[in-house]
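Please find below my notes on the model under review. They are set out as numbered points, to be read beside the coordinates.

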Amino acid sequence: MVNKDTDGPGLYVELPLDDSGRARLRGLWTGPVWFAEPGTAAAADARALAGAGIALGNPRAAWVAEAPRLRWLQLASVGIDGYLGLDWPVLGRRLTVTNLGDLFAGSVAESCLAGVLALHRGIDELAVLRTRGTWAQSAVRPRLRLLSGSRVLVLGRGSIARRFAELLGPFGCRVSHFARGSGDIRTPAELDERLPGFDVVVGLLPGTPETDRLLDARRLALMRPGAVLVNAGRGSLVDEEALVRELSSGRLGGAVLDVTGQEPLPAGHPLWSCPNVILTQHTAGGSTDESARVVDLFADNLLRFGAGEPLRNPVQWTRGF
């Protein structure tokens with residue numbers, strides 16, 4: 001338990017929690033705790049954050065900038081995109097921000113694998129046929145593919161990328177990584193040269209100026225015919241208009257998209273009706289114990305904060321993650 005008198009005037013929480021989760025946080029903090037409903041953006045919530053010393057969740061960036069007492073923000077996400085526009089050279093002098101690090105590595109990796117298998121084995125198409133009461137065995141079966149032995153390119157070499165590569169082990173896939181410091185492919189020129197050789201390309205990169213539209217129209221055209229694209233990193237990685245063209249023409253074999261440029265994806269967007277697309281709606285990191293695991297990490301960091309020890313997963317604003 002952390003004492004409010006030494007570690008700030010209050011705790012602000014913006015996280016979907018049940019009664020037991022809220023009770024646990026109250027047990028971790030001896031001072032006042034304010035629970036905000038995620039996504040409501042109430043004026044009272046902004047005032048509560050302005051008076052808090054510690055926050056858990058993803059409050060509005062403008063509120064964070066105007067919270068003079070805030071000393072530590074534990075994000076309930078890995079991504080920090082919504083906060084990149086703040087003046088961190090100044091704000092960072094008083095405010096430490098931590099993210100969830102590798103908390104979602106297993107769940108995101110499993111979702112990526114599930115999506116690839118669903119496309120290869122026709123599960124997405126068969127699920128739709130079931131709702132229509134249509135038996136199409138003779139049409140579907142000849143088009144099914146094997147993941148085993150495929151050449152897979154993973155864009156990134158973080159915890160999710162490493163876990164995904166591990167999951168591919170039993171399939172005998174040949175896995176390469178694109179990462180500037182430690183990948184098999186390190187430069188954009190090398191990426192261009194090697195991209196046509198892969199059956200599956202998986203985007204697991206953070207959102208930075210260097211990764212923005214990394215997979216533009218030109219690079220999507222370099223992918224081999226029939227290849228599958230997975231994006232579970234940032235929607236900004238892919239030129240979605242170009243992707244729709246490649247999928248609609250049938251040149252690419254499919255896409256598994258957990259993230260998109262706009263979220264929620266607006267009604268009428270071409271990706272809703274584009275063929276061979278699985279949209280997982282930014283759920284890849286989810287699990288039944290997700291909130292409890294976030295609180296576990298926060299509790300560990302709270303003890304570190306109270307003891308003046310380094311926190312886990314500090315955000316490096318100069319690197320963009």
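1. The structure is a predicted model, in which local features need pLDDT of at least 70 and side-chain atom pairs count only at pLDDT 80 or more, while totals for chains, interfaces and linings use all residues. Residues are numbered from 1 along each chain as its sequence is written, and side-chain values use heavy atoms, with hydrogens and water left out.

2. An open sheet is formed by five strands in the order β2-β1-β3-β4-β5, with parallel pairing; helices (H or I, at least four residues) and strands (E, at least two) are DSSP runs numbered from the N terminus, and two strands pair if DSSP finds at least two bridges between them. Because β2 (33-35) and β5 (96-98) stand at the edges with a single partner strand each, one side of each is left without a neighbour in the sheet. From one strand to the next, the twist averages 15°.

3. The buried residues of α2 are G21, L25 and L28, where buried means under 20% relative accessible area, exposed over 50% and partly exposed in between, for a 1.4 Å probe and protein chains only. These three cover an arc of only 55° around the axis, which puts them on the same side of α2; the arc is that of the directions from the helix axis to the C-beta atoms. D19 and S20 are exposed on the other side of α2, and the cover over its buried residues includes β1, β2, β3 and α14.

4. How do α2 and helix α14 (residues 290-307) pack? Their axes lie 11 Å apart at an angle of about 0°, and the two helices are therefore roughly parallel to each other, a term that applies to angles under 35 degrees, as against over 145 for roughly antiparallel, 65 to 115 for roughly perpendicular and oblique for the rest. R24, L25 and L28 of α2 make the contact with A292, V295, D296, F298, A299 and L302 of α14.

5. In helix α3 (residues 43-50), D45, A48 and L49 are buried, and they cover an arc of only 100° around the axis, which puts them on the same side of α3. They pack against β1, β2, β3 and α4 (61-65), whereas the face turned away from the buried side carries the exposed residues A43 and R47.

6. L17 is found in the loop between β1 (11-14) and α2 (19-28), and it counts as buried because its relative accessibility is 17%. Leaving aside residues up to four places away in sequence, L17 touches R22, L25, F35, S291 and V295. The C-alpha atoms of L17 and F35 are separated by 9.1 Å, with the two residues 18 apart along the chain.

7. Strands β8 (residues 200-203) and β9 run parallel and are joined by four bridges, with N231 in β9 as the bridge partner of G203.

Key: Contact = heavy atoms within 4.5 Å. Axes fitted to C-alpha atoms, helices over the stretch in contact; angles between N-to-C directions.
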